[in-house]
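Hi,

Here is the structure we talked about handing over. Please open it alongside this note; what was found follows below.

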Amino acid sequence: MGLKSMVIDAWSWLNYKPIYSDPALGMPNRRAFPEAHASWVPAADERRLAAYKVLAAYDNNQAGELAQIRDGDTARERREFGDPSMFVDTLVAHVLGREQHIVVPGAEQTPGAGQADAAAARVQELLRTWAENELLGMRMLQAERKAVGLGDAVYLLYWDGAKRRVRLKTYDPGFFFPVLPEDGDGSDFPERVHFAWELPEDKKRGLKPRLRRITYELGWIGPRTASGVDRTGRPVRAPVMSDPTDDAPATPVIGLGDTVDPATGGISRQYPWNDEPAWRTCYLTDATWELGDLKGPVDVDTLPLDRARYATSPDGEVLDRLDLYLDFIPVIHQPNTVPPAEEHWGQSSLAKALQVFDELASADTDSSRASATTGLPMIGISGVSDPRAQYDVAPGAVWMLGADGKLTSIDTSPALRELRDHRHDLADRAANVVRLPAVSLGTMDPSKVPSGYALELSLGPLDSLIDGMRLARDHKDMLLLRMVQRIHHAGQHPDWIGLPVQPARLIRGPYTPTDKAAVLEQVTAGVGKVFSLETAVRMLTEAGFPIDDAQSEIEQIESRQFEQARFLADALGNPEEVARFLGRQAPDTAQAPQPILPTEDDNPDGEDDEDLARGSGGNT
């Protein structure tokens with residue numbers, strides 16, 4: 001009967017757009033989204049890639065340009081004044097917070113508290129140095145703008161031998177193609193991921209259109225391989241064989257530190273961050289195909305390897321299943337929201353408000369047209385001497401009218417006023433849908449806020465929104481810092497050798513105005529009674545006080561607590577412990593100094609020494 005089924009999935013909030021869900025096919029328009037219909041793109045990713053393009057068009061004020069492909073040139077007349085981009089920038093600023101701090105539990109303890117705390121402090125120092133060198137704040141800003149606007153962001157970590165540190169790179173989620181398990185949870189981390197994109201034709205270099213694919217996959221540890229070439233001269237990797245002898249033929253050589261199980265023949269490896277040997281490792285492949293060589297039903301996961309041209313790294317290694325000596329894939333997918341059950345992808349913060357943004361663009365377009373008639377009013381003239389005459393409305397213009405002539409002007413300003421009021425209503429509706437109060441957008445007059453309590457209540461929707469968004473990021477932030485530590489161990493950086501992998505956290509700062517006076521009052525009243533000095537310093541840091549290094553701040557505070565040092569001396573009677581508390585050097589002698597008795601010069605009244613010693617002033 002030609003019935004059309006209704007599609008409800010992670011991208012069905014875009015079904016209202018005919019260009020995204022074609023009425024006949026129910027799939028994205030091929031002319032508008034040719035990259036989503038490429039032969040190598042899996043069918044399950046077509047709607048996702050098309051949704052990314054629609055969202056990027058709204059963020060860049062190009063929704064009308066995209067709609068022109070289907071609706072004609074009239075769609076280009078719509079006015080787009082950057083409302084979606086403003087919403088994205090506001091949410092990115094809130095979810096990031098004013099500042100970010102890397103904190104390792106135990107690193108803020110006082111010096112000498114224990115070997116574990118010293119290791120935590122060292123790891124925290126190294127992570128903060130790495131974050132500063134790698135511009136972690138800027139990388140996070142790049143990723144958050146993708147996550148908030150498109151719904152997903154991707155981090156890639158890799159070891160740079162020249163810089164001797166872990167490098168961090170962000171990828172557009174449109175280039176990311178994970179191979180998700182069919183019978184597993186969508187939130188599970190895949191064991192094979194691809195980064196793929198097309199390269200245009202380069203006539204100057206004689207290169208045809210190509211497809212580049214970078215693959216990270218987990219596999220069983222195999223024998224050692226080395227760079228070489230095949231019979232056609234194509235760079236490949238081949239197993240390294242031992243030299244044959246009279247008693248034994250050539251056999252594959254295993255990697256340094258690997259162990260072969262004589263019972264099963266499997267190869268295991270002891271990684272620095274594991275207590276037990278592991279049997280799997282991560283392989284990297286970087287290959288390029290000419291698009292003309294891709295024939296038949298192939299996608300990004302089933303490309304013909306015999307047609308691939310493998311890349312070579314700067315150190316000369318052919319990237320054909322190169323063993324990275326890692327037991328994890330150094331790729332982090334960061335969704336904008338907590339994915340629904342059995343789903344993998346996040347949702348853009350603009351998703352539910354796109355129809356409101358369309359109405360806003362229509363209202364802006366109508367207001368722009370109405371303002372033209374208001375600024376240059378329409379005038380009717382009757383009783384002119386020459387009906388064929390043309391008149392222009394201009395300052396100082398004089399028109400000759402007949403005996404019964406008159407002028408009639410049409411005032412369109414009320415219509416313009418109504419359109420502007422309608423536009424404000426739509427802007428408020430969009431803010432309510434996205435859960436951004438007017439105070440967070442900066443559109444509320446501060447003088448109209450009745451009280452601070454009312455202001456705090458108005459921020460309730462924003463608080464729940466940011467809490468949910470940060471919940472989706474907490475585990476990914478911890479995973480990022482854990483991978484950074486492990487890759488430094490794998491790269492055998494001398495500063496990291498012997499340090500255990502610590503559960504580091506990335507603390508995002510406050511996003512709303514903080515009552516610093518109230519926090520300071522809580523810290524002053526509670527430190528030493530209900531919480532420690534370390535917790536107090538952490539509270540001050542999260543409240544926005546300018547504390548760069550919590551441990552140094554604690555040391556400076558304790559070095560001036562002479563009253564507490566006196567109590568410590570009375571309790572312990574140990575000068576060395578008191579000196580360590582103040583961060584000073586204890587005196588060399590442990591005996592108390594001899595008392596100095598007053599001399600005759602100190603006795604102007606003539607009192608004898610015996611009376612002074614008795615303290616009686618000469619009276620018995």
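Asn 29 is buried, because its relative accessible area is 14%, under the 20% cut-off. Keep in mind that this is a predicted model. Asn 29 sits in the segment before α1 (46-59). A polar atom of the Asn 29 side chain lies 2.8 Å from the backbone nitrogen of Arg 31. Beyond its neighbours within four places in sequence, Asn 29 is in contact with Ile 19, Tyr 20, Asp 22 and His 37.

Next, a helix pair. The axes of α3 (residues 83-96) and α6 (residues 354-375) come within 10 Å and cross at roughly 135°. That angle makes α3 oblique to α6. Asp 83, Pro 84 and Phe 87 in α3 meet Phe 357, Leu 360 and Asp 364 in α6. By class, this contact of α3 with α6 has 4 nonpolar, no polar and 2 charged residues.

Now the rings. The whole structure holds 10 aromatic pairs. One of them is Phe 87 with Phe 357, edge-to-face, at 5.4 Å centre to centre and 85° between the planes. Phe 87 in helix α3 and Phe 357 in helix α6 are 270 residues apart. Both Phe 87 and Phe 357 are buried.

The Tyr 171 and Trp 197 pair is tilted, because the planes are at 35°, with ring centres 6.3 Å apart. Tyr 171 is in strand β3 (residues 165-171) and Trp 197 in strand β5 (residues 192-199), 26 residues apart. Tyr 171 is buried at 9% relative accessible area, and Trp 197 is buried at 17%. Ring pairs link Tyr 171, Phe 175, Phe 176, Phe 195, Trp 197 and Trp 345 into a cluster.

Best wishes

Notes
Residues are numbered from 1 along each chain as its sequence is written. This is a predicted model: local features need pLDDT of at least 70, side-chain atom pairs count only at pLDDT 80 or more; totals for chains, interfaces and linings use all residues. Side-chain values use heavy atoms; hydrogens and water are left out. Axes are lines fitted to C-alpha atoms, for helices over the stretch in contact, and angles run from 0 to 180 degrees between N-to-C directions. Helices (H or I, at least four residues) and strands (E, at least two) are DSSP runs, numbered from the N terminus. Angles under 35 degrees count as roughly parallel, over 145 as roughly antiparallel, 65 to 115 as roughly perpendicular and the rest as oblique. Contact means heavy atoms within 4.5 Å. Ala, Val, Leu, Ile, Met, Phe, Trp, Tyr, Cys and Pro count as nonpolar, Asp, Glu, Lys and Arg as charged, and the others, Gly among them, as polar. Buried means under 20% relative accessible area, exposed over 50%, partly exposed in between (1.4 Å probe, protein chains only). A polar contact is a pair of N or O atoms within 3.5 Å; within protein, one must be able to donate a hydrogen and the other to accept it, and residues adjacent in sequence count only if both atoms are side-chain atoms. Rings of Phe, Tyr and Trp (its six-membered ring) pair if their centres lie within 6.5 Å; planes under 30 degrees apart count as stacked, over 60 as edge-to-face and the rest as tilted.
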